[in-house]
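This briefing is meant for a reader who is meeting the structure for the first time.

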Amino acid sequence: MAQADAGARCRARAAGWSVTVAGCLAYGWWASGLAHFSPAASAAVLAPVGAVAAALALGASQRRAHRGTLRRVGCWMVLAAAALGLEAVALALGGRSRRWPSLSHLLDELTAPRPARSVAFATWLVLGALLARRSLGRPGAARWLRGRAGAR
Amino acid sequence: MPGEAAWIAVACAALAWEVAARRGRGHATFAEALSAAERARAGRALLFLLWAFAGYHLFVRYGVAPR
């Protein structure tokens, strides 16, 4: 019985993620066709940013980091700082320099064709959905969602 | 070109670190590091800002027109 329940939950989760990924791909295809620097392109990016910000604000409870976490993730912080520093230097030199290209310039060349661009956009959306989903699983958001369901 | 070599060096360092962490040297893998960052409010805010900046920078301000 419990095994059947677990199987059903697993299938429901897989179906949910399939719908999310398909939706992200469709949204990415539409958004990647918008003219750059246009208000429509800004709105297409700012709408998911607002949705994820709302999800993060809802699930704003805080868990304490485990002891020793900083030491375990220290190297990743150094690597992230190195990448950010490199990107900042490249952007300060104009961003499109042949000698010091920014990461965004390299990615921009890779994603120039529309299919690649729409996949990149969909990947960005899925990362945002992961961030929002983890946050919505927190006690604060769960309480708020239960309250909304009870009000109906 | 020095810029591209620097990016390749960063990518290789990340890959080497991930392999070392998976072999159990007491360090966090990339997924564990993200999960740890996401646990604290400041880390979550930082991840969100990075994600939002990347989206705006790549898809609005910087990109070339699709072919």
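Arg44(B) has its place in helix α3 of chain B, where helices (H or I, at least four residues) and strands (E, at least two) are DSSP runs numbered from the N terminus. This is a predicted model, in which local features need pLDDT of at least 70 and side-chain atom pairs count only at pLDDT 80 or more, while totals for chains, interfaces and linings use all residues. Residues are numbered from 1 along each chain as its sequence is written, and chains are lettered from A and ligands numbered from 1 in the order in which they are written.

**Two residues of chain B**

- Arg44(B) is buried, because 20 other C-beta atoms lie within 10 Å; a residue is called buried if 20 or more other C-beta atoms lie within 10 Å of its own, exposed if 12 or fewer, and partly exposed in between, with C-beta atoms placed from the backbone.
- Not counting residues up to four places away in sequence, Arg44(B) touches Leu56(A) and Glu38(B), where two residues are in contact if their C-beta atoms, placed from the backbone, lie within 7 Å.
- Arg44(B) and Leu34(B) are 10 residues apart along the chain, and their C-alpha atoms are separated by 9.2 Å.
- Phe30(B) belongs to helix α2 of chain B, and it counts as partly exposed because it has 16 C-beta neighbours inside 10 Å.
- Leaving aside neighbours within four places in sequence, Phe30(B) is in contact with Trp76(A) and Glu18(B), whereas Phe30(B) and Ala6(B), 24 residues apart in sequence, are 20 Å apart in space from C-alpha to C-alpha.

- Chain B contains 3 helices and 0 strands, following the pattern α-α-α along the sequence, and buried residues make up 22% of its 67 residues.
- Helix α2 (residues 30-39) of chain B packs against helix α3 (residues 41-61) of chain B at an angle of about 115°, with the axes 5 Å apart; axes are lines fitted to C-alpha atoms, for helices over the stretch in contact, and angles run from 0 to 180 degrees between N-to-C directions.
- That angle makes α2(B) roughly perpendicular to α3(B), since angles under 35 degrees count as roughly parallel, over 145 as roughly antiparallel, 65 to 115 as roughly perpendicular and the rest as oblique.
- In this contact, Ala37(B), Glu38(B) and Arg39(B) of α2(B) meet Gly43(B), Arg44(B), Leu46(B) and Leu47(B) of α3(B).
- By class, the contact of α2(B) with α3(B) has 3 nonpolar, 1 polar and 3 charged residues, where Ala, Val, Leu, Ile, Met, Phe, Trp, Tyr, Cys and Pro count as nonpolar, Asp, Glu, Lys and Arg as charged, and the others, Gly among them, as polar.

**Packing and contact between the chains**

- α2(A) and α3(B) pack at an angle of about 170°, with their axes 9 Å apart, and that makes α2(A) roughly antiparallel to α3(B).
- The residues of α2(A) that meet α3(B) include Val49(A), Val52(A) and Leu56(A), and those on the α3(B) side include Arg44(B), Phe48(B) and Tyr56(B).
- By class, the contact of α2(A) with α3(B) has 11 nonpolar, 2 polar and 1 charged residues.
- The contact between the chains takes 46 residues from chain A and 37 residues from chain B, and α3(A) gives the most to the side of chain A that touches chain B, with 10 residues.

**Nonpolar cores**

- The largest nonpolar core has 12 residues, among them Phe121(A), Trp124(A), Leu58(B) and Val60(B); such a core is a set of buried Ala, Val, Leu, Ile, Met, Phe, Trp, Tyr and Cys residues joined through C-beta atoms within 7 Å.
- The largest share of this core, 4 residues, comes from α5(A).
- Val60(B) touches His36(A), Phe37(A), Ala41(A), Ser42(A) and Val45(A), not counting residues up to four places away in sequence.

**Confidence**

- The mean pLDDT, the predictor's confidence in each residue from 0 to 100, is 82 for chain B, and 88% of the residues of chain B reach 70 or more.
- Chain A averages a pLDDT of 80, and 82% of the residues score at least 70.
- In chain A, confidence is lowest in helix α6 (residues 139-151), at a mean of 56, and highest in α2(A), at 89.
- The model scores ipTM 0.77 and pTM 0.75.
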